[in-house]
Amino acid sequence: MGTPETSREPCPYRIFLDMGGAFGMGAIGGSTFHFSKGLYNSPQGSRFTGAAQAVRLNGARIGGSFAVWGGLFSTFDCTMVYLREKEDPWNSIIAGAATGGFLAMRQGFAASARSAAVGGVLLALIEGSGIALNKYLSAQQPMPIMMDEMPPPEELNSNKAAGKAWFGGLFGGAKDEEKNTGGSEVNILESFDAPPVPNFDYR
């Protein structure tokens, strides 16, 4: 049920991937927390042994709790995708509320409603933060400047010369250009009448 707009896996596989990822996060985070707590609470001389024992007793348990939460959340999320036939932040918000309410169902209706409200608000904050971050990052990216490539100077000069010759032929500008060329000077010199040579003979 995945869409091209999302980078997540399709729904049947998403549940197992989220369960594995949640178990890893819970196991690593819980082990780190309980190892530090075991070091602090253990007596002098056996701090490392107490820390290792605390990790052995609590690391897998917390990882399992996280895996259950991740599996339920992905299941409800995929259910909402199937029912609404689209993927948007509302699916995650509803799935978070449903997961919180389902996990607290054994404690009564009031506790289940409070947990559902907390889960929905938490997922709404997470989704809203993600949307705001994406908008901020997209606004920070500079827009590409589209510039046409300028032709080389030789091509520009040839285009100008061709345009002048074409318009000059139509409107008589070619004759004016011929007067400014080197060949016109030759024509002027050839048509120049030389003055008479003076005669110095005395009679």
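Is Ser74 buried or exposed, and at what relative accessibility? The views below take this up in a predicted model, where local features need pLDDT of at least 70, side-chain atom pairs count only at pLDDT 80 or more, and totals for chains, interfaces and linings use all residues. Residues are numbered from 1 along each chain as its sequence is written, and side-chain values use heavy atoms, leaving out hydrogens and water.

**View 1. Ser74 in helix H2.** Ser74 has 0% relative accessibility, so Ser74 counts as buried. Buried means under 20% relative accessible area, exposed over 50%, and partly exposed in between (1.4 Å probe, protein chains only). Ser74 touches Arg14, Ile15 and Asp18, not counting residues up to four places away in sequence. Contact here means heavy atoms within 4.5 Å.

**View 2. Helix H2 and its bend at Asn58.** Helices are DSSP runs (H or I, at least four residues), numbered from the N terminus. H2 bends by about 30° at Asn58. The bend is the angle between axes fitted to the seven residues ending there and the seven starting there. After H2 comes Glu85, with a positive phi near 60°.

**View 3. A nonpolar patch on the surface.** Val68, Trp69, Phe102, Leu103 and Met105 form this patch, with about 470 Å² of accessible area together. Patch residues have over 30% relative accessible area and no salt bridge; like charges are joined within 9 Å, nonpolar side chains (Val, Leu, Ile, Met, Phe, Trp, Tyr) within 5 Å. A salt bridge is a side-chain nitrogen of Lys or Arg within 4 Å of a carboxyl oxygen of Asp or Glu. Areas come from the Shrake-Rupley method with a 1.4 Å probe; for residues, only the protein chains shown count as cover. H2 (47-84) and H3 (89-103) each supply at least two patch residues.
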